[in-house]
Amino acid sequence: MKNFALIGAGGYIAPRHLRAIKDTGNRLVAAYDRFDSVGMMDSFFPDASFFVEQELFDRHCTKLKHTEKQVDFVSICTPNYLHDAHMRYGLRLEADVICEKPLVLNPWNIDALQEVERETGHHIYTILQLRIHQAIIELKKKIENSPKDKIYDVDLTYITSRGNWYYTSWKGDIHKSGGIATNIGVHFYDMLSWVFGSVKRNVVHVCMHDRVAGYLELERARVRYFLSINADTLPVNAVEGEKKTYRTINIDGEEFEFSKGFTELHTESYKDILAGKGFGIEDARNAINIVYDIRHATPVGLKGDYHPMAKLPLVEHPFGW
């Protein structure tokens, strides 16, 4: 049994980590969040110590050293811009770290964190759950077994509706979340580069507060993508079906189905990490480079090979930004 501490216990993704810790037979000894709406912890670890101040959390975890409750892993579920600082904290606590994606916002942070790994002798792991999705694994095998000169045409569409609260929260601040491409798309970019190879060209057509559309030329694919958090961009079939999320990948004119099988992927990720087979810092580098380049690109407009939904009319920001 391993002992876990969790930072960001009040976040959206925290319950998946709590369940993964419990389902892998381990225990949570301490948790921290600035906000105290963490009643869901009762469903997993009611005996875990909880703190709303970083200093007291640190004091508690430090006191646990050399006891049966010494922290072995720190799980991080905090806002994107805090990941780097919290990973450094976990390593210097003499624990290994499991951090939600995106691991960091800037590519150079990866190199710096690798240095801290070397200094402490501990490791950082990240959650790249699409890489362990069975349908994605089978797709990767199919691509690897196809003719080496075959280049695929891929359309990625991902719309996940968010209300006005999104813009008030840290997620609506590009300096804290990394923007739409980073916050909702980084795992898709990781999956695409894992399956189809490294990036040869990265073009952004549209980049707004509620959407991003562009073109990625990979070693084995030409990818047009459209990501959005605006419900007004949902296609008619999704609206009629009262769906708030629409996700599809089209490969050479055929829809690739992978909407099922997500339920237990965090638990499976934890199993791999605990078995020494998890994804480390270097595995995250390609996707971090992609979203960084998208965030700093100058959109070219509707030129070249763009995703059809890039033409959708823009809607004024609810707060006039």
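**Close-up views of a predicted model**

**View 1. L156 and its bridge partner Y225 in strand β10 of this predicted model.** Strand β10 (residues 221-228) runs parallel to β7, and eight bridges join the two.

**View 2. The antiparallel pairing of β7 with strand β11.** On this side, seven bridges link β7 to residues 245-251, the span of β11. T157 is set opposite T248 of β11.

**View 3. The packing of helix α4 against helix α11.** Two packed helices are described by the angle between their axes and the distance between the axes. For α4 (residues 107-120) and α11 (residues 285-295), the angle is about 150 degrees and the axes are 8 Å apart. From α4, the contact is made by P107, W108, I110, D111 and Q114; from α11, by R285, I288, N289 and Y292. Five nonpolar, two polar and two charged residues take part in this contact.

**View 4. The second largest pocket, with about 280 Å³ of space.** Its lining is formed by 21 residues, of which I174, G179, I180, M208 and H209 are closest to the centre. Helices α6 (165-168), α7 (174-177), α8 (179-196) and α11 each provide at least two lining residues. The most come from α8, which gives four residues. By class, the lining has 11 nonpolar, seven polar and three charged residues.

Conventions:
Residues numbered from 1 in each chain as written. Predicted model: local features only at pLDDT ≥ 70, side-chain atom pairs only at ≥ 80, totals over all residues. Heavy atoms only, no water. Pairing = 2+ DSSP bridges. Axes fitted to C-alpha atoms, helices over the stretch in contact; angles between N-to-C directions. Contact = heavy atoms within 4.5 Å. Nonpolar A, V, L, I, M, F, W, Y, C, P; charged D, E, K, R; others polar. 1 Å grid on protein atoms, 1.4 Å probe; cavity = no way out; pocket = protein on both sides within 12 Å on 5 of 7 lines; lining within 4 Å. Points joined across faces, edges and corners; volume = space filled by probe spheres on them.
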